[in-house]
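Good morning, everyone. Please have a look at the structure on the screen, and I will walk you through it.

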Amino acid sequence: MASSFVTLSRPFASHTPNSHSLSPTPSGLKRRSLKLNAIATKYEPTKVVPQSDRVLIRLEVLPEVVSVGTEAKEVETGKKVLFSDINAYEIDLGTEDRHIFCKASDLLAVVE
């Protein structure tokens, strides 16, 4: 699945000789930086497939597993879980809900 997350407004090595910096730099040197324009994309959380032993969790009052990787056999989609947020990575899927990725081994409990 190929998707674009970032586009460049102009090539990285481009140089505009008449551009002025907002802050002065020593010896009249100009700052060079990479400007990235993000593409606003909305992903359906149920179609995001975690890799390996990762799980995708929708954050709610009691977090719920949305999808699981192929090596996360002990966790099922739709289960309510408790997890440690130390190793969890929050991601933006373009929806109103908040989602995180974490390893199945970082889950503390499955709530029955």
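Of the 112 residues in this protein, 23% count as buried, where buried means under 20% relative accessible area, exposed over 50%, and partly exposed in between, with a 1.4 Å probe and protein chains only. This is a predicted model, in which local features need pLDDT of at least 70, side-chain atom pairs count only at pLDDT 80 or more, and totals for chains, interfaces and linings use all residues. Residues are numbered from 1 along each chain as its sequence is written, and side-chain values use heavy atoms, with hydrogens and water left out.

Confidence next. The average pLDDT is 74; pLDDT is the predictor's confidence in each residue, from 0 to 100. A score of at least 70 is reached by 64% of the residues. Over residues 12-16 the pLDDT is below 50, and this stretch has 4 contacts beyond near neighbours in sequence. Contact means heavy atoms within 4.5 Å.

Now the fold. The protein has 0 helices and 8 strands. Both are DSSP runs, numbered from the N terminus: helices are H or I, at least four residues, and strands are E, at least two.

Take His99. His99 sits in strand β7, residues 98-103. Is His99 buried or exposed? Buried, with a relative accessible area of 0%. Beyond four places in sequence, the contacts of His99 include Pro45, Leu56, Tyr89 and Leu93.

Last, Ser52. This residue lies in the loop between β2 (36-38) and β3 (54-59). Most residues other than glycine have a negative phi. Ser52 is partly exposed, at 32% relative accessible area.
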